[in-house]
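Me: I have not seen this structure before. Please show me how to read its features.

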Amino acid sequence: MLQVAAYCRVSTDQEDQIHSLENQKGYFEEYIQGNPLWQLTKIYADEGITGTSVQKRQAFQQMIRDAQRGCFKLLLTKEISRFARNTLDSIYYTRLLKQWGVGIIFLRDNINTLDPDAELRLTILSSIAQEESRKTSDRVKWGQKRRMEQGVVFGRSMLGYDVKDGQLFVNEEGARIVRLIFHLFVTEGKGTHTIAKELQQAGVPTYHGLAQWSNTAVLRALRNEKYCGDLIQKKTYTPDYLTHQKRKNLGEEPLVILHDHHPPIISRALWQQAQEELKRRGQQARQRQSRYSCRYCFSGKLYCGFCGSPFVCRRDLRKDGEVHLSWRCREASCHGRMRLNGQGDASGCLCRQISHQVLLEVMAQLLSALEPFQQNIDGALRSLWSADKKEQSSASWQQPSSPTAALLSKRRLRLLEAYLDGEVPLEDYRTLSQRYEQELQRLETARKQKSVPPAGQPLSSELISTARELLQGRLQKESFYQALLDRITVYDRFRMDVYLKGMDQPLHITLISSSANTPP
């Protein structure tokens with residue numbers, strides 16, 4: 001008995017297509033059972049999946065895996081377009097199955113892949129099927145664009161709007177939240193993180209009914225032009241009808257823009273103010289990004305020797321609960337390994353990441369192998385002393401707020417809830433909110449001033465002893481390294497150039513292993 005399987009597929013999940021799929025299954029069952037030398041093993045069926053790609057066809061992938069295991073030796077399918085509408089996929093998988101001793105019979109096309117001339121006929125017919133898919137894709141895209149120009153909405157419901165039959169209808173419950181978001185952002189000048197936190201504390205659910213708000217959801221609402229009555233469509237496009245992968249439309253295709261398309265939730269003037277404020281804060285954020293924080297001793301001091309990009313820190317939580325720090329070139333972190341895109345432009349970087357502990361050991365070994373630089377020691381020691389004082393005072397900063405501050409925070413929360421419920425007018429809410437905000441800032445400033453370490457105190461003998469251990473490499477202190485280090489150019493995990501403050505020439509470091517136990 002020859003083990004026989006069948007494959008069928010429909011491209012949509014509409015009722016008539018589902019009926020067609022059931023008919024195909026029934027036909028294959030009768031066809032295989034009508035041959036006394038055949039034995040049916042399984043019928044594989046994909047429902048509502050395109051034929052131009054096999055990646056999302058789970059039944060097709062399972063069929064290939066079963067064929068590799070030898071579950072069947074003959075496969076039946078209705079026609080080439082049901083098997084694949086991609087010429088390359090058709091040729092590749094028929095050859096693959098043939099290598100495993102599995103033949104395919106396309107009933108309507110009268111092709112058996114075990115025949116000598118089967119591949120020639122298969123290539124011609126699959127090319128025709130692929131061209132039909134391309135024409136269908138062009139017709140669908142043309143029709144969608146004409147409907148977009150007529151005002152038909154292609155999209156899902158969102159916060160403040162319900163999409164029904166291609167039209168937008170205001171949802172008052174969501175519209176109230178949208179108005180509050182724009183008010184908090186434009187009028188009160190609050191950030192997206194703060195707005196998300198206040199909405200979450202007030203128990204306001206997201207559009208999907210979740211309790212957790214994110215700054216991304218707030219930012220998405222602030223940038224949505226639909227809230228002022230405009231409609232912009234074709235923000236994404238599909239460049240390849242074979243892969244069906246969407247990309248952000250950055251000018252590759254014209255947008256469909258309709259002004260005053262539907263009832264607005266906020267005024268156009270308020271929406272424009274929000275866009276200007278987003279642009280202003282974005283410029284400030286980019287300026288702050290260029291000035292690296294000093295959270296770690298190597299922040300803003302590591303640069304890639306291949307592309308010149310700065311390094312960024314990555315925190316990974318291991319299974320034992322320990323936090324592991326590593327550094328990687330920002331270009332490599334954003335775009336991965338260096339490669340060429342479709343336009344021939346290079347993206348990514350070859351530089352590999354390097355462990356934070358390796359860098360610390362490099363600095364320790366470096367200092368132990370060098371003669372101390374007297375002109376830099378005093379400044380580095382004083383920076384170390386200031387950092388120690390700051391660490392000691394930070395404990396008081398982490399203490400719970402005073403009862404007055406906690407009471408004010410609770411009052412702010414109750415005020416926000418009353419405003420959301422419509423019990424407090426806008427002007428009263430704004431006045432009381434500003435008063436609470438100013439009082440909380442005054443309490444925070446007073447608390448921080450109590451923790452400022454005094455200046456001008458002489459260095460202690462204990463600190464001098466600590467300095468000797470640092471210079472001999474027996475003690476690792478990140479604040480000391482930060483004060484002494486100018487920058488490091490990293491070529492890979494074993495080669496780097498270290499520049500200390502006050503030095504014009506770099507120290508070339510070559511590590512034998514990643515343990516960083518080799519002096520310069």
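Me: What should I know before I start?
Reply: This is a predicted model, in which local features need pLDDT of at least 70 and side-chain atom pairs count only at pLDDT 80 or more, while totals for chains, interfaces and linings use all residues. Residues are numbered from 1 along each chain as its sequence is written, and side-chain values use heavy atoms, leaving out hydrogens and water.

Me: What is the mean pLDDT of the chain?
Reply: pLDDT is the predictor's confidence in each residue, from 0 to 100. Here the chain has a mean of 78, and 75% of its residues reach 70 or more.

Me: What is the strand order in the open sheet of three strands?
Reply: Two strands pair if DSSP finds at least two bridges between them. The order is 13-14-17, and the pairing is antiparallel. Strand 13 (311-317) and strand 17 (354-355) are at the edges with a single partner strand each, so one side of each has no neighbour in the sheet. Strand 14 (residues 323-329) is joined to strand 17 by two bridges; serine 326 has serine 355 in strand 17 as its bridge partner.

Me: Is glutamine 275 buried or exposed?
Reply: Buried means under 20% relative accessible area, exposed over 50%, and partly exposed in between (1.4 Å probe, protein chains only). Glutamine 275 has 19%, so it counts as buried. This residue lies in helix 9 (residues 268-290) and touches Leu222 and Arg223, leaving aside residues up to four places away in sequence.

Me: How many aromatic pairs are found in the whole structure?
Reply: Rings of Phe, Tyr and Trp (its six-membered ring) pair if their centres lie within 6.5 Å; planes under 30 degrees apart are stacked, over 60 edge-to-face, and the rest tilted. The search finds twelve pairs. Tyrosine 27 is partly exposed at 44%, whereas phenylalanine 28 is buried at 2%.

Key:
Helices (H or I, at least four residues) and strands (E, at least two) are DSSP runs, numbered from the N terminus. Contact means heavy atoms within 4.5 Å.
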